[in-house]
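Please read it alongside the sequence and the model shown here.

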Amino acid sequence: MNPDLERLHPYPFEKLKLLFKDLPGSDKSPIALSIGEPKHPSPDFVQQVLRDNTALLSRYPTTAGIPELSDAIATWLKRRFHLNSVDASSQVLPVNGTREALFAFTQAVIDRQRQPLVLMPNPFYQIYEGATLLAGGEPVYLPCTDDTGLQPDFDAVSEDTWIRTQLLFICTPGNPTGATLTKAQLKALIQLADKYDFVIASDECYSEIYRDKPPAGLLQACAELGRDDYRRCVVFHSLSKRSNLPGLRSGFVAGDSEILKGFLRYRTYHGCAMPMHHQLASIAAWNDETHVETNRALYREKFDAVLDILGGALKVSAPAAGFYLWPKTPISDEEFAQRLQAEQNVTVLPGRYLSRTVNGKNPGKNRVRMALVAPLEECVEGAKRIKALLDTL
């Protein structure tokens, strides 16, 4: 077996299962705020495209996908991020959800013979870490704290670290923090990538769920620098959150054509082409914004309702984007999660399970992640139960 498999950490939900192993049962109905799986209905018109094209199951899809899908993605990118140019044939690559794409991308771009460093936010989406370890890289965790605006302090990274860096993961909007990077910050990172010759992988899967202002994107920052080649820059987007289609497993990678050329070669061997009827359904989803606006409004309504209940009882505030709350807990995050589960049958994820301890500090400690993905009534009931627990502490 690959010895690097032994370097993988247990997934957060494995840890959560162990944490709850011996807890007493509750007679209350379960409310899960732990998993970021969208629960809003999938668009009817997308479902109809799937039903209408099941006959295409008889055809092998190509890894690069059909040109019509790349065209739809390129058009959406230009419209959403005010880009002058996106070459659909060389700067866009459809993928089966960004989870597998983030993992595979890391395997394709890392040169394990050069003692590579891979930088990532802390807390983080655990795929960044697992992909790095299995590619033979060394993760470098950049703490995201209140003092840094819940984003990494890139100025604190030493020059020696930048010199060895091959890949920088950024997540904007952040999971679990909801914090976003500004165009000025993104431009500064692009300049660092030019100086030290590393690739920026920007995970932007939550970019369409925001409260007020659309978050900036990495390619948008490139364009404002006059760089339509998007050199050293790659973005990851998905229909899972934007369109409530997690089961479709559809997203895309876009950016530097030279990097994508090598990544396409890797994926051809990897065997991960998107089914034809999924491609046609994806075209329909990327071409429509009405359902996205409706989706965004539903999340705003839930955030307002939940924060109205918890705002005075918990150290929590509305995120700039995404569908998570990242509150501080008055007791240990693990104890808080245990008591909430045992006494109220509400599941949340301890923040330390999404972070790593660096220099004796874990930025997720005494925080929890709450995913407001359930219907409004369920989120409100969950907030009331959390408030009930808080009143006993």
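Helices (H or I, at least four residues) and strands (E, at least two) are DSSP runs, numbered from the N terminus. The model is a predicted one, in which local features need pLDDT of at least 70 and side-chain atom pairs count only at pLDDT 80 or more, while totals for chains, interfaces and linings use all residues. Residues are numbered from 1 along each chain as its sequence is written, and side-chain values use heavy atoms, with hydrogens and water left out.

- The largest pocket has a volume of about 520 Å³, where a pocket is an open set of points on a 1 Å grid over the protein atoms alone, at which a 1.4 Å probe fits, with protein on both sides within 12 Å along at least five of seven lines.
- That volume is the space filled by probe spheres set on the grid points, which are joined across faces, edges and corners.
- By residue type, the lining of the largest pocket comprises 12 nonpolar, 7 polar and 6 charged residues, with Ala, Val, Leu, Ile, Met, Phe, Trp, Tyr, Cys and Pro counted as nonpolar, Asp, Glu, Lys and Arg as charged, and the others, Gly among them, as polar.
- Helix α4 has 12 residues and reaches 16 Å from its first C-alpha to its last, close to the 16 Å expected at 1.5 Å a residue, the expected span being 1.5 Å times one less than the number of residues.
- The buried residues of α4 are T98, E100, A101, L102, A104, F105 and T106, where buried means under 20% relative accessible area, exposed over 50% and partly exposed in between (1.4 Å probe, protein chains only).

**The sheet of 7 strands**

- An open sheet is formed by 7 strands in the order β2-β8-β7-β6-β5-β3-β4, with mixed pairing; two strands pair if DSSP finds at least two bridges between them.
- At the edges of this sheet stand β2 (92–95) and β4 (138–143), each of which pairs on one side only.
- The twist averages 20° from one strand to the next, with axes taken as lines fitted to C-alpha atoms and angles running from 0 to 180 degrees between N-to-C directions.
- Strands β7 (residues 233–238) and β8 (residues 251–255) run antiparallel and are joined by 5 bridges, and F236 stands opposite V253 in β8.

**The sheet of 3 strands**

- A further open sheet has 3 strands in the order β9-β12-β11, with antiparallel pairing.
- Because β9 and β11 stand at the edges with a single partner strand each, one side of each is left without a neighbour in the sheet.
- Strand β12 (residues 368–371) is covered on both faces, with V368 and M370 buried on one side and R369 and A371 buried on the other.
- β12 is joined to strand β9 (residues 324–325) by 2 bridges, the two running antiparallel, and Y324 stands opposite A371 in β12.
- β12 also pairs with strand β11 (residues 349–350) in the antiparallel sense over 2 bridges, and here P350 stands opposite V368 in β12.

**Cis peptide bonds**

- N122 and P123 are joined by a cis peptide bond with omega of about 15°, and P123 has its place in the loop between β3 (117–122) and α5 (126–134).
- The peptide bond from T172 to P173 is also cis, with omega near 0°, and P173 lies in the loop between β5 (165–171) and α7 (183–196).

**Positive phi and burial**

- N345, a residue other than glycine, has a positive phi near 55° and sits in the loop between α13 (333–344) and β10 (346–347); with a relative accessible area of 12%, N345 is buried.
- N359 is not a glycine either, yet has a positive phi of about 50°; its place is in the loop between β11 and β12, and with a relative accessible area of 78% N359 is exposed.
- I31 is in strand β1 (residues 31–32) and counts as buried at 3% relative accessibility.

Key: On a 1 Å grid over the protein atoms alone, a cavity is a set of points where a 1.4 Å probe fits but cannot get out, and a pocket is an open set with protein on both sides within 12 Å along at least five of seven lines; lining residues have an atom within 4 Å of a point.
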